[in-house]
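Student: I have a new model open and would like to go through it with you, one piece at a time. Could you start wherever you like?

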Amino acid sequence: FHYQHIEGHPGLRMGTTNYAREMGILTHKALEKEITTLEELQRYDPSLPWDKVQESLQLAEIFRRSLTYESVQKGNWEFSLQFQQSSLIFNGKADLVGTDFVLDIKTEQECNPHEHRFQLWAYATTTQKSQAHIAYLRHNLLHTFSSTNLQSITQEADELIQKIRDRIFEATPSEAACRICPYSTFCEEILF
């Protein structure tokens, strides 16, 4: 947080891409725009290899066709929101906002709902929804944060927001986080 949001440091990236970010963006675009053909989806990222565009479209089709996601397929796509807590303002975009839920779509390889709890809590709080879901498309899994779960995150979120307000940016390193962090090459808190 400190490097990115306070210092404005872009971080260091090394090696070649596996196109995970680009594929996530395309999968979201296919769902939002109801794109069903490779040719149409390729127009949104002409530089992305064809097989990656195809995989992105396949992930979108999993969401559209799987019974796992049947209850969370209807709503407003790419819903912009602003969350204000004390003097802090957070801006975001929920993937899908339904009647009584908010949904975030993940195309990543690993399922880690705990890592995304604040994001889903903020979306649910801002939209006043009683449930928040994460659709892990690669695993055909729908993780649900119930209203009880969301309420239990509130205290932890309040403490985190207070630390931000007080400009306390203590690192919380973990092997998984440090492995993908763009600041790991120069961070003194690194675990590996």
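**Talking through the model**

Tutor: Let us start with E32, which lies in helix α2, and keep in mind throughout that this is a predicted model.

Student: Is E32 buried, partly exposed or exposed?

Tutor: E32 counts as partly exposed, because its relative accessibility is 26%, and the cut-off for buried is under 20% while exposed means over 50%.

Student: And what is E32 in contact with, leaving aside its neighbours within four places in sequence?

Tutor: With those neighbours left aside, E32 is in contact with W77 and E78.

Student: How far apart are the C-alpha atoms of E32 and Y123?

Tutor: They are separated by 18 Å, the two residues being 91 residues apart along the chain.

Student: OK, back to the helix: which strands does α2 lie across?

Tutor: Helix α2 lies across β1, β2 (88-97) and β3, and it runs at about 115 degrees to β1.

Student: So what's the order of the strands in the sheet?

Tutor: Five strands form an open sheet in the order β1-β2-β3-β4-β5, with mixed pairing. The edge strands, each pairing on one side only, are β1 (76-85) and β5 (141-145), and neighbouring strands of the sheet are turned against each other by 35 degrees on average, direction ignored.

Student: Then in which sense do β3 and β4 pair?

Tutor: That pairing is parallel, over six bridges, with β4 covering residues 131-136. F101 has Q131 in β4 as its bridge partner, while L103 stands opposite H133 in β4. Strand β4 is mostly covered, with five of its six residues buried.

Student: Changing topic, which residues touch the most other members in the largest nonpolar core?

Tutor: Of the 21 residues in that core, L41, F63, L103, I105, A135 and L137 touch the most other members. At least two core residues are supplied by each of α2 (20-32), α3 (38-42), α4 (50-65) and β3 (101-106), and the largest share, five residues, comes from α4.

Student: What does F63 touch, not counting residues up to four places away in sequence?

Tutor: On that count, F63 touches L31, Y69, V72, Q73, W77, L103, I105, A135 and L137. There is also a second, separate core of 20 residues, and A94, V102, A157 and I161 are among them. As background, nonpolar side chains in soluble globular proteins tend to be buried together.

Student: Where does α6 bend?

Tutor: The bend is at T154, by about 30 degrees. Helix α6 (residues 147-165) has 19 residues and reaches 26 Å from its first C-alpha to its last, which is close to the 27 Å expected at 1.5 Å a residue. Just after α6, R167 takes a positive phi of about 60 degrees.

Methods
Residues numbered from 1 in each chain as written. Predicted model: local features only at pLDDT ≥ 70, side-chain atom pairs only at ≥ 80, totals over all residues. Heavy atoms only, no water. Core = buried A, V, L, I, M, F, W, Y, C linked by side-chain atoms within 4.5 Å. Buried < 20%, exposed > 50% of the residue type's maximum accessible area, 1.4 Å probe, protein only. Helix = DSSP H or I, 4+ residues; strand = E, 2+ residues; numbered from the N terminus. Contact = heavy atoms within 4.5 Å. Pairing = 2+ DSSP bridges. Axes fitted to C-alpha atoms, helices over the stretch in contact; angles between N-to-C directions. Expected span 1.5 Å × (residues − 1). Bend = angle between axes of the 7 residues up to and from the residue.
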